Amino acid sequence: MSTPAIVKRARKQRSTRDGRMIRDFRPPEGVPLNFEVAGLGIRLAAQITDLLITSMFVLVLVLFLAATDLADGSALWIIASLSFFFIRAPYYVLAELIWNGQTLGKRICRLRVVSADGRSLRPYSVTVRNLMKEIEVFYPGTMMISAAALGPGEYIILLIWIGVLLAVPLTNKKRQRLGDMIANTYVIYQPQAILMPDLTTRPAAEAREKFAFLPHQLDHYGAYELQTLEKVLHVDTSGHSQDIARRHRRNLKAISEKIRSKIDYTDKVDDKDIPEFLEAFYLAQRRYLESRKLFGDAREDKFHKHDEKSAAL
Amino acid sequence: MSEATIRSTRFRAEREADWQRLEKIVAQTERSGVRSLGFDDARDLAVLYRQAMNSLSVAREISLDKSLLDYLEALCSRAYLAVYAPQESLGGLFRRLFVYGIPQAMRRSAIPLLLGFLAMGLGALTGYMLFLDDNTWYNTFMPEGLAGGRGLSSSREDLLSVIYQDDTSALDELGAFASHLFSHNTTIAMFAFALGVFVCLPSFALCAYNGLILGVFVALHVDRGIGMDIFGWLSIHGVTELSAICIATAGGFRLGLAVLFPGNLRRRDALRREGRDAVKLAIMAAIMLFAAGLLEGFGRQLVQDLDTRLMIGWGVGALWLSWILFSGRGQDRKAAKE
């Protein structure tokens, strides 16, 4: 007997939600780290910021040339487009080297380039991914601007080109463009570390005495439900409006009723004791699940009994 | 800690202070670099990073505290990024690239380079012969923007006046033309490099086509009896610029050859391996194109004398060649060992 369809569906829903994580990243210490893949939208925003910054340099140069009468007309135009290339390419490479995978635009958008093999970012990778960017992004970009001057054949080629280059990052899960693939790099969100207080230290001794749970009552849930409860309990409504606080209390009440009916907890819980009850339950449930896990019985979610059954058969 | 606290809570309480200290050091590193750290902080960064990695590994096994796992995950990622940042200074990097990296890559690419120059040479020869056979080929090969008004109908004097133009009023016009030519060649070089991935053919075609243009252009001038003058006019920048195109083509060839003959590697890996040298060739080509642009923009207009033009053009060429041949020689064997 295999896992029932409903279990599969529930688990699939959860796994697609974190499908945008890089799971196979292994630093030299051998402990895998997970990074969140940066989407194309935010990368475009970073790109535009960088473009504005580099075009400022070019603008200053061109204004200087125009003011000093060194060049004019079409020459100026061509010098502008060329110096754009000769300023832009080194800017990206040097910025990503100096700031370890961040240009100014990426810094603002909190993005970063990392080497996919878990080692430090090498100058070679940075150069390759930014040289490829010229061909992948900027050349078609400038062609698009002058699209009116193109013949129909060239126009079609340009469209196919752009289509292919867009399809590459959209069809792979890690959103690597061609340059990333050749240089073996990922673009990720800069991780933010926020430490929440430990919930298990919260319930006072009397609350622990007051709400006691028996082992069979803790057999229902798995890690997923525990961590969902944790998320709810971490909500702090003190800085918010009355309305939000009331809604939060209502949620807690609904959750506690659901839990009580599921685990057959018959004692009465007063409305004002609900947070305490949930925290005590969280503590007991976590202690139980963690000790089960130590004994080799990791329970992913409330469907864990199906797993046991299919493993037994 | 009372008996009642659970194992993962004790685990966290014992280590929390260290994590927070690591977080502070990492935050400072992110703001102002590893160099800004004091001795104690720098030493502790390495130790605390490894401890945090260890904690993460243990916490994944024993703890179900999601907020702790997320925190450790993010902390370790940030510490990893701070510890494994490129440590080399930019100066050292450039020195290595120019003294060893590029010349060695060029020497390793002798055969692709030969092929690149061959492609252009064959193209030029073909263009020249075709022009001698039937001079209307000129119009077929020469792009209008590049011709700069010089066509089959131009007389000897017209052509000479473009080659030796000391009249400053025409300088701007000529400057524009030179920039145009330059951007044309930059584009050709870029494509010759990038399209090499498609089993070398587009690179070869582009380089040979550039040769064709050169061939018919020279043939036109030879036909009018001013072969030496155009040789000088082309030499001053062309030695550098045309070599740059050939080098970019050679870079493309290395990519193409990796796809054609990957050996024992997967094509993807072979491409990555060959890419290392190919990129160095591309940087070399970019530097040479930039130098050529300077020579073209200033040198050609300022230097009107044929002999000086020849001397500058081929002198600069000799400089490039000696750089490639002699720089970073002693390090070859060391690099091969690595």
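The model scores ipTM 0.86 and pTM 0.78. For chain B, the mean pLDDT is 83. A value of 70 or more is reached by 88% of the residues in chain B. Helix α2 (residues 39–62) of chain B has the highest mean pLDDT, at 93. Helix α14 (residues 332–337) of chain B has the lowest, at 53. Where pLDDT is low, predicted coordinates should not be read in detail.

Chain A contains twelve helices and four strands. Its radius of gyration is 28 Å, whereas the globule rule gives 20 Å for 313 residues. Chain A is therefore more spread out than a compact globule. Along its principal axes, the C-alpha trace of chain A spans about 90 × 50 × 40 Å. Of the 313 residues in chain A, 27% are buried. Contacts in chain A between residues at least 6 apart in sequence were also examined. Of these, 67% join residues at least 24 apart.

Helix α6 (residues 152–171) of chain A has 20 residues, which at 1.5 Å a residue should span 28 Å. The end C-alpha atoms of this helix are 28 Å apart, in agreement. The number of buried residues in α6(A) is one, so the helix lies largely in the open.

The buried residues of α5(B) include Pro112(B), Leu113(B), Gly116(B), Met120(B), Tyr128(B) and Phe131(B). Among the elements covering the buried residues of α5(B) are α6 (137–141), α10 (201–223) and α11 of chain B.

In soluble globular proteins, nonpolar side chains tend to be buried together. The largest nonpolar core here has 70 residues. Val216(B), Ile247(B), Ala248(B), Leu281(B), Ala282(B) and Ala285(B) touch the most other members. Helix α11 (residues 227–260) of chain B gives the largest share of this core, 16 residues.

Ala248(B) illustrates the contacts in detail. Neighbours within four places in sequence are left aside. Ala248(B) is then in contact with Ala189(B), Ala192(B) and Phe193(B), and also with Leu281(B), Ala282(B) and Ala285(B).

Methods
Residues are numbered from 1 along each chain as its sequence is written. Chains are lettered from A and ligands numbered from 1 in the order in which they are written. This is a predicted model: local features need pLDDT of at least 70, side-chain atom pairs count only at pLDDT 80 or more; totals for chains, interfaces and linings use all residues. Helices (H or I, at least four residues) and strands (E, at least two) are DSSP runs, numbered from the N terminus. The expected span of a helix is 1.5 Å times one less than its number of residues. A residue is buried if 20 or more other C-beta atoms lie within 10 Å of its own, exposed if 12 or fewer, and partly exposed in between; C-beta atoms are placed from the backbone. A nonpolar core is a set of buried Ala, Val, Leu, Ile, Met, Phe, Trp, Tyr and Cys residues joined through C-beta atoms within 7 Å. Two residues are in contact if their C-beta atoms, placed from the backbone, lie within 7 Å. pLDDT is the predictor's confidence in each residue, from 0 to 100. The radius of gyration is taken over C-alpha atoms; the globule rule is 2.2 Å times the number of residues to the power 0.38.
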